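Here's a quick briefing for anyone meeting this structure for the first time.

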Amino acid sequence: MTGDRVPDSLAGRAAVVVGGSRGIGRAVAELLAASGAGVVVNGRDPDAVDDTVEVITGSGGRAIGLAGAAHVEATAVALVQACRDEYGSVDVLINCAGVAEPPGSSILSVSTEQFQNLLDAHLGTAFQTCRAAAPIMAEQRRGSIVNSGSVAFLGDYGGTGYPAGKGAINGLTVAVAAELAPYGVRANVVCPGAKTRLSTGDEYEKHIRDLNARGLLDEVSMRASLDPAPADYVAPLYAYLASDLSVGVSGSVFLASGGFLGRFERPVPAVLGYRDHQRFSPWSLDELHAMVTNR
């Protein structure tokens, strides 16, 4: 990993990378460290955390590790405190933690426990870490939060807790961006696509092909899902959003995979009908049907 791919504006910054021991999070943690930031690496597997820290420090970067599930309040608070103790501030929070939907999971089969575990791993992690970091960033009057969403929130990949949690992250992040804007703190979402342990293997490929066979996933999306680019291709977007180059960029939901970069526009309602409720009675079912179906 080289440090010439992002600006010097990351030098001396202090970052927490949740889910930074594997996959996209590891690529982000290595890139931030190579660019001069001090990094706190988090993951659930202590051995994977230690390995990532050793790789970063062995390359001359600054990193410490703290293992644990970040949807647990105590872990989230400890991560932020460790960053502050080690580096003197908390300038960047990046959430890359994630777990896959159970094989074959759908609203017809998912258990309450499975659904809650998925919400905890995604939405719960983003909430707890944002809540822990936000007061410090607001006090400093600077900071950047980058949460990881997924195009799965559109429903094209089926599932339950995974798309629900990722979609909720979008709403949480844009609300956090609005809340923290007066303090000079930014918050954005990246919906990444990359080859990781969650997007490889026979079970994953079977799932993607099944989605295509069921008509949920088109042919182009299926092929892209079966052959994603390495995590190194999406890591620079996280680094950009963490850096001073992206000052003024907040409340956005980005999509990045390989050589593709996109941004979801803010949803706006299409007007189907209007009449003054002070003068007219509620819509009848027939009137609603005519407007909804455009008949």
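Let's start with an open space: H5 and strand E8 (260-264) each give at least two residues to the lining of the second largest pocket. Keep in mind that this is a predicted model. From that pocket we'll move on to a cavity, then to cysteines and aromatic rings.

**The second largest pocket**
- This pocket holds about 300 Å³ of space.
- Its lining is made up of Phe153, Asn170, Val174, Gly251, Ser252, Val253, Arg263, Phe264, Glu265, Arg266 and Pro267.
- Sorted by class, that lining has five nonpolar, three polar and three charged residues.

**The cavity**
- Searching the whole structure turns up one cavity of 30 Å³ or more.
- Helix H4 (112-140) and helix H5 (161-180) are the elements that give two or more residues to the lining of the largest cavity.
- The volume of the largest cavity is about 50 Å³.
- Around the largest cavity you'll find Asn95, Ala97, Ala121, His122, Thr125, Ala126, Ser148, Lys166 and Ile169.
- H4 brings the largest share of this lining, with four residues.

**Cysteines**
- How many disulfides are there? The count comes to zero.
- Cys83 has a relative accessible area of 0%, so it's buried.
- Cys191 is buried too, because its relative accessibility is 1%, and the cut-off for buried is under 20%.

**Aromatic rings**
- A search of the whole structure gives one aromatic pair.
- That pair is Phe153 and Phe264, and it counts as edge-to-face because the planes sit at 75°, where the class needs over 60 degrees; the ring centres are 5.4 Å apart.
- The two partners come from distant parts of the chain, 111 residues apart: Phe153 is in the loop between strand E5 (143-148) and H5, while Phe264 is in strand E8.

**A charge over a ring**
- Which residue lies over the face of Trp283? Arg275 does, at 3.9 Å from the ring centre.

How values were computed: Residues numbered from 1 in each chain as written. Predicted model: local features only at pLDDT ≥ 70, side-chain atom pairs only at ≥ 80, totals over all residues. Heavy atoms only, no water. 1 Å grid on protein atoms, 1.4 Å probe; cavity = no way out; pocket = protein on both sides within 12 Å on 5 of 7 lines; lining within 4 Å. Points joined across faces, edges and corners; volume = space filled by probe spheres on them. Nonpolar A, V, L, I, M, F, W, Y, C, P; charged D, E, K, R; others polar. Disulfide = S-S within 2.5 Å. Buried < 20%, exposed > 50% of the residue type's maximum accessible area, 1.4 Å probe, protein only. Phe/Tyr/Trp six-rings, centres within 6.5 Å; stacked < 30°, edge-to-face > 60°. Lys NZ or Arg CZ within 6 Å of the ring centre and 35° of its normal.
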